[in-house]
Amino acid sequence: MLHDRVLVRQDTGEGERRSGGGILIPATAAVGKRLAWAEVVAVGQNVRTVEPGDRVLYDPEDRAEVEVRGVGYVLMRERDLHAVAADRFEGSEDSTGLYL
């Protein structure tokens, strides 16, 4: 990976899901603009806020897909990430484990 690029593997959120109230939402239901979670696989040498293994929140519409050895990944710049969820941020009492 070069510069400020981040390579992520998308979470498989396809299919049916349940709302907070327990309502089943089919996979074909239209939803508004929604951010997605992914796992960081590799980072460039200028990336400062994420490490491989972190979960990141990003906009699926702003992505460049790439296939490496038959596996699909998303390539993006570090600045395109909206949040980072990692165990290393859970050190203090008031921490949520998210870096926004």
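This is a short chat about a predicted protein model.

Q: What should I know about the model before we start?
A: It is predicted: local features need pLDDT of at least 70, side-chain atom pairs count only at pLDDT 80 or more, and totals for chains, interfaces and linings use all residues. Residues are numbered from 1 along each chain as its sequence is written, and side-chain values use heavy atoms, with hydrogens and water left out.

Q: How many helices and strands does the protein have?
A: There are 0 helices and 9 strands. Helices (H or I, at least four residues) and strands (E, at least two) are DSSP runs, numbered from the N terminus. The order from the N terminus is β-β-β-β-β-β-β-β-β.

Q: Which strands pair with S7?
A: Strand S1 (residues 5-10) pairs with strand S7 (residues 71-77) over 4 bridges, in the antiparallel sense. S6 also runs antiparallel to S7, with 5 bridges. Two strands pair if DSSP finds at least two bridges between them.

Q: Which residues in S7 are the partners of Val8 and Glu67?
A: Val8 has Val74 as its bridge partner in S7. For Glu67, the bridge partner in S7 is Gly72. Ala64 stands opposite Leu75 in S7.

Q: What is between S6 and S7?
A: The two strands form a hairpin with 2 residues between them. Arg69 is found in that loop. Its phi is positive, about 55 degrees, although Arg69 is not a glycine.

Q: Is Arg69 buried or exposed?
A: Arg69 counts as exposed because its relative accessibility is 86%. The cut-offs are these: buried means under 20% relative accessible area, exposed over 50%, and partly exposed in between (1.4 Å probe, protein chains only).

Q: Where is His3, and what is its phi?
A: His3 is in the segment before S1. Its phi is near 55 degrees, a positive value in a residue other than glycine. His3 counts as partly exposed because its relative accessibility is 46%.

Q: Now the inside. Which residues form the largest nonpolar core?
A: That core has 12 residues, among them Val6, Val8, Val40, Val74 and Leu81. S1, strand S4 (36-43), strand S5 (55-58), S7 and strand S8 (81-85) each give two or more residues to this core. A nonpolar core is a set of buried Ala, Val, Leu, Ile, Met, Phe, Trp, Tyr and Cys residues joined through side-chain atoms within 4.5 Å.

Q: What does Val6 touch?
A: Not counting residues up to four places away in sequence, Val6 touches several residues, including Met1, Val40, Val47, Val74, Met76 and Leu81. Contact means heavy atoms within 4.5 Å.

Q: And the outside? Which residues form a nonpolar patch?
A: Met1, Val66, Val68 and Leu75 form one on the surface, with about 270 Å² of accessible area together. Patches take residues with over 30% relative accessible area and no salt bridge; like charges are joined within 9 Å, nonpolar side chains (Val, Leu, Ile, Met, Phe, Trp, Tyr) within 5 Å. A salt bridge is a side-chain nitrogen of Lys or Arg within 4 Å of a carboxyl oxygen of Asp or Glu. Areas come from the Shrake-Rupley method with a 1.4 Å probe; for residues, only the protein chains shown count as cover.

Q: Where is Val66?
A: Val66 is in strand S6 (residues 64-68). It counts as partly exposed because its relative accessibility is 32%.

Q: What share of the protein is buried?
A: Of its 100 residues, 23% count as buried.
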